[in-house]
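Let's take a walk through a protein model together.

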2 protein chains.
Amino acid sequence: MSVVYYTASSLDGFVVDGDDSLGWLLSRDIDGAAPFGYDVFRPTVGAVVVGATTLRWVLREEGGSWPFTLPTWVFTHDDGMQVEGGDVRVVSGDVTQHHAAVVESAGDLDVWLMGGGDLARQYADARLLDEVAVQYAPCTLGSGAPVLPTRSEWELVDHGRNGDFLCARWRVVRGSGDS
Amino acid sequence: MSVVYYTASSLDGFVVDGDDSLGWLLSRDIDGAAPFGYDVFRPTVGAVVVGATTLRWVLREEGGSWPFTLPTWVFTHDDGMQVEGGDVRVVSGDVTQHHAAVVESAGDLDVWLMGGGDLARQYADARLLDEVAVQYAPCTLGSGAPVLPTRSEWELVDHGRNGDFLCARWRVVRGSGDS
């Protein structure tokens, strides 16, 4: 079981632009059924972990209802958050304290850390992030929300092109003192 | 003739870390003679354009003397800057006003925009930057100097792995109103 941060980014490492919009991303061409595409990735995951900002963005795009049937864990400071649709579990606090339950909910499959960057940072800093899979869009944004705002070490395990995107998978490198 | 911004970056798009150090970069493995390597790139360029901060960093690494024999254009606000070694021309002001002379000095070859990110931004905003060639190191820095702090559009023209690095070349996409 791996926790995989599967995300798009601009080529300069931003996942959301300064206007909190994804227009820069959604205009691009990608083949979901080709390597690194969503249709290939999707069957490998058994649960979703997502931050509140990313969740709200998806809800807006999807007309207010959560579109995934997978067990979904939303990390938020808003204890009263209610989400329609799907199997959504609203949690708060340290990512470590929920990790066993998240993994359990994924069965034998991986956990998709959907975003955003700050939640990915919490997972990386807790040494719970195993893989980063980035689809780099062919644009720079210059500012916005960074893809992974922490220091961390990785090893390139796969790369390729899909449509307009440069795609890469990095596997975490943990020091000898790490778990 | 193209102006090529050939640079290394962390996988999250920083060219210098918060400590203004390149230790995160110089510890990595790359084959200069393999595709995307420096020994392959070097013969394609006839002149260098560099910002004062990047130039000072190279001078520190090289014991105080500029190691390149190519015509080198240093953009700086410091009119009194003196550089030992090489063919270094200290200039200031808008990148556009020096462009004809820079291109002339490169002969039939390309211009290497060595860095840093802010000078690359000036070239991109002036629509004088033709290509971005990034070698992404397998680490995140989370903060520091961004690789290209502006909005810009590109097309992926080549990619591959060299040693520890994911390498990509993007060619500029200009709108119909651009030159």
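This is a predicted model: local features need pLDDT of at least 70, side-chain atom pairs count only at pLDDT 80 or more; totals for chains, interfaces and linings use all residues.

In general, two copies of a chain are related by a rotation about an axis and a shift along it. Here, chain A can be laid on chain B by a turn of 180° and a shift of 0.0 Å along the axis, with an RMSD of 0.0 Å. That is the relation of a two-fold axis. The same surface serves both copies, as 97% of the contact residues of chain A recur in chain B.

Now for the interface. On one side there are 31 residues of chain A, in contact with 30 residues of chain B. Between them, the two chains bury about 2,700 Å², with 56% of that on carbon and sulfur atoms. In chain A, the residues that lose the most area to chain B are Leu11(A), Arg151(A) and Leu166(A), together 22% of what that side buries.

What else links the chains? The rule finds 4 salt bridges across the interface, along with 14 residue pairs in polar contact. Take Arg151(B), which forms a salt bridge with Asp17(A); their closest N and O atoms are 2.5 Å apart. As for strands, E8(A), E10(A) and E11(A) each give two or more residues to the side of chain A that touches chain B. E10(A), with 9 residues, gives the most.

Zoom in on Val58(B): its relative accessible area is 10%, so it counts as buried. Leaving aside neighbours within four places in sequence, Val58(B) is in contact with Trp66(B), Pro67(B), Phe68(B) and Met114(B). Just after H3(B), Gly63(B) takes a positive phi of about 75°.

Last stop: helix H5 of chain A, residues 117-125, where Gly117(A), Leu119(A), Ala120(A), Tyr123(A) and Ala124(A) are buried. These residues cover an arc of only 160° around the axis, so they lie on the same side of H5(A). An α-helix has 3.6 residues a turn, so residues three or four places apart point the same way. After H5(A) comes Arg127(A), with a positive phi near 60°.

Methods:
Residues are numbered from 1 along each chain as its sequence is written. Chains are lettered from A and ligands numbered from 1 in the order in which they are written. Side-chain values use heavy atoms; hydrogens and water are left out. Buried means under 20% relative accessible area, exposed over 50%, partly exposed in between (1.4 Å probe, protein chains only). Helices (H or I, at least four residues) and strands (E, at least two) are DSSP runs, numbered from the N terminus. The arc is that of the directions from the helix axis to the C-beta atoms. Contact means heavy atoms within 4.5 Å. Copies are superposed by least squares on the C-alpha atoms of residues with pLDDT of at least 70 in both. Buried area is the accessible area (1.4 Å probe) that two parts lose on being put together, summed over both. A salt bridge is a side-chain nitrogen of Lys or Arg within 4 Å of a carboxyl oxygen of Asp or Glu. A polar contact is a pair of N or O atoms within 3.5 Å; within protein, one must be able to donate a hydrogen and the other to accept it, and residues adjacent in sequence count only if both atoms are side-chain atoms.
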